[in-house]
Protein chains: 2
Amino acid sequence: MATVLVSVGATARAAAMDETVVVPPRPLPVPKTVSPELQRLIGSPMNPSWDQHPASAEAWRALVKTYAADIETVLPALMAREKVTIRADRMNGVPVFWVEPETVPSENRGRILLNFHGGAYVFAPGKAGLRDAILLAGRGFRVLSVDYRMAPDAPYPAAIDDAEAVWKAVVARYPAKRVGVFGSSTGGAMTLALVVRAKAHHLPLPGALWAGTPWAQLDKIGDSYFTNDHVDNALVSYDGLLGAAARLYANGHDMADPELSPVNADFAGFPPTLLTTGTRDLFLSNTIRVHRKLKQAGVVSDLNVYEGLSHGDFERDPDLLESREVYGEAAAFFRQMLAR
Amino acid sequence: MATVLVSVGATARAAAMDETVVVPPRPLPVPKTVSPELQRLIGSPMNPSWDQHPASAEAWRALVKTYAADIETVLPALMAREKVTIRADRMNGVPVFWVEPETVPSENRGRILLNFHGGAYVFAPGKAGLRDAILLAGRGFRVLSVDYRMAPDAPYPAAIDDAEAVWKAVVARYPAKRVGVFGSSTGGAMTLALVVRAKAHHLPLPGALWAGTPWAQLDKIGDSYFTNDHVDNALVSYDGLLGAAARLYANGHDMADPELSPVNADFAGFPPTLLTTGTRDLFLSNTIRVHRKLKQAGVVSDLNVYEGLSHGDFERDPDLLESREVYGEAAAFFRQMLAR
């Protein structure tokens, strides 16, 4: 069609700069082009918690506790299935967890993966943050997951300070090129922000990154915050819990700072980076904008957009055919890119 | 956020399989995360022709003629700027155009690019189909563009028969691995369908492909036909000109046939493939579904999703910062992947 529309555009479309299009209401059928399990997830109601706005630090803490307890109930079964063990530790004073598989393939013996969990810089403290780590450990890697400080008690820059402290301890023990760093959502943003910080402080950089649907822009800037509003049935909209958490974390700091919005980073010299998102993801733009900037900076970067996935669906339901592909792809990327 | 929502999902979201979500009406602001020129294009009104349904073959021919005349007015300036010449020829009886740059860099001397234009299997006959070819020729390649037969006069399989006839002539003259094949929209689908046909007939396969926002699924199947309905201001919706053209071309043939919907192809053995789309593209799913299937088949494939682009914007306005990046990326991909 492209051809047709060019000339039509040039002729008939007067420049109406800054016009805001209103998209009419419309039904969104469940696509048949995804697995039956994902169809079920897409067909389920919007996440009812998306527009919660806890009114006080106390109310936030209560919500955090409820969610964490909820997640922890699924962990024993997930650990058993993935055949991994969990061990608490500290590195440079920061609490961490070692998540380790029953057997580590020989190619991965000298490697580790450093993980930052998601949760909007507020949720998933302690073991509640370990699902992504368990899923990568289950694919043959020793994973070190950071239990970084969060809002409301410890807003920016506590989380990234903790990340840097752990990174310093890691590179004192492992060749950096044998270390992969990964995370989803907020964890994806922290993965990128850690490299921003490491570059600034002249620390060694990791061998490879996986940023799954990273929260790369903390404020509401980017096309899919609008195009996928109410299309993504997990996050639903920026204008709820998400925006409230962003303000809580930034705590008055400029959200454009690359440590808070790593899409604004100078990506020169970044390690090879895998990026993952979906057609319904509120963070589609967050993800593809990072990809474009990595490419522009000459960095090896591999973008994968999954049909029908909303934000974080792969972590929400790791049994989806699509989720297994996502984690398999991440493990393959680290196997390919990390030094041995 | 992912972490939070998993457990919430498991707890609060009862499976309501096949529920059709209704997206409320909502304003879509022009994103500031794209070039000023693309902001202007996004801010302009919907393509007013999107819901045309010519009622007869005669009416289609008239519309085709109007559009073609419209496009041809911009060609002389485009040719002059890109410093290319056009020469009509025939190959195995099929009309083609050689589009050639003033100088061909030494690395490209033994290479050519074969191009299929877009236009919904109906539009852009003759020179009106040469914009993409001119833009790649302007980046240092000799391009051979196929003026294949189209609906309503020659529905499926005429177009793909012509493509195969030209391909046979090409591989008789050039080592296939030195030939890249590319096209946008319908031309992207034909690029993929040619490989489907070549595999079936045991012909050599090209060295690399670029499918720009390919019309990979001819019928209305795929998530972004719905999620980006009325978000894409170029195609706007399947339920207009596009669907009508699909029916005209298929002419009763099963649209699921991989020659009409190459997303259904067996992608094993495909050449390295570059794919390009945008966050607002009605063909976002067409593009990313092909990418996933290529990856699943073990094919080298590079997906690029541009912020804010609707379908075919890069061809519609080749002067956009984003369009220059798209064509530059395609040229770089062919330089890297084609044999010399």
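Which residues of chain A does UniProt list for "domain: Alpha/beta hydrolase fold-3"? The unreviewed entry gives residues 113-312; UniProt positions follow the numbering used here, feature names are shortened, and annotations may be inferred rather than shown by experiment. The model is predicted, so that local features need pLDDT of at least 70 and side-chain atom pairs count only at pLDDT 80 or more, while totals for chains, interfaces and linings use all residues. Residues are numbered from 1 along each chain as its sequence is written, and chains are lettered from A in the order in which they are written.

Over residues 113-312, chain A is 32% helix and 16% strand, these being DSSP runs (H or I, at least four residues; E, at least two). The end C-alpha atoms of this stretch lie 20 Å apart.

Chain B can be laid on chain A by a turn of 180° and a shift of 0.0 Å along the axis, with an RMSD of 0.0 Å (least squares on C-alpha atoms of residues with pLDDT of at least 70 in both). This is the relation of a two-fold axis. The same surface serves both copies, as 100% of the contact residues of chain B (heavy atoms within 4.5 Å) recur in chain A. B:Pro25 comes closest to the rotation axis of the residues of chain B, its C-alpha lying at 2.1 Å.

Three cavities of 30 Å³ or more are present; a cavity is a set of points on a 1 Å grid over the protein atoms alone where a 1.4 Å probe fits but cannot get out.

Definitions and conventions. Heavy atoms only, no water. 1 Å grid on protein atoms, 1.4 Å probe; cavity = no way out; pocket = protein on both sides within 12 Å on 5 of 7 lines; lining within 4 Å. Points joined across faces, edges and corners; volume = space filled by probe spheres on them.
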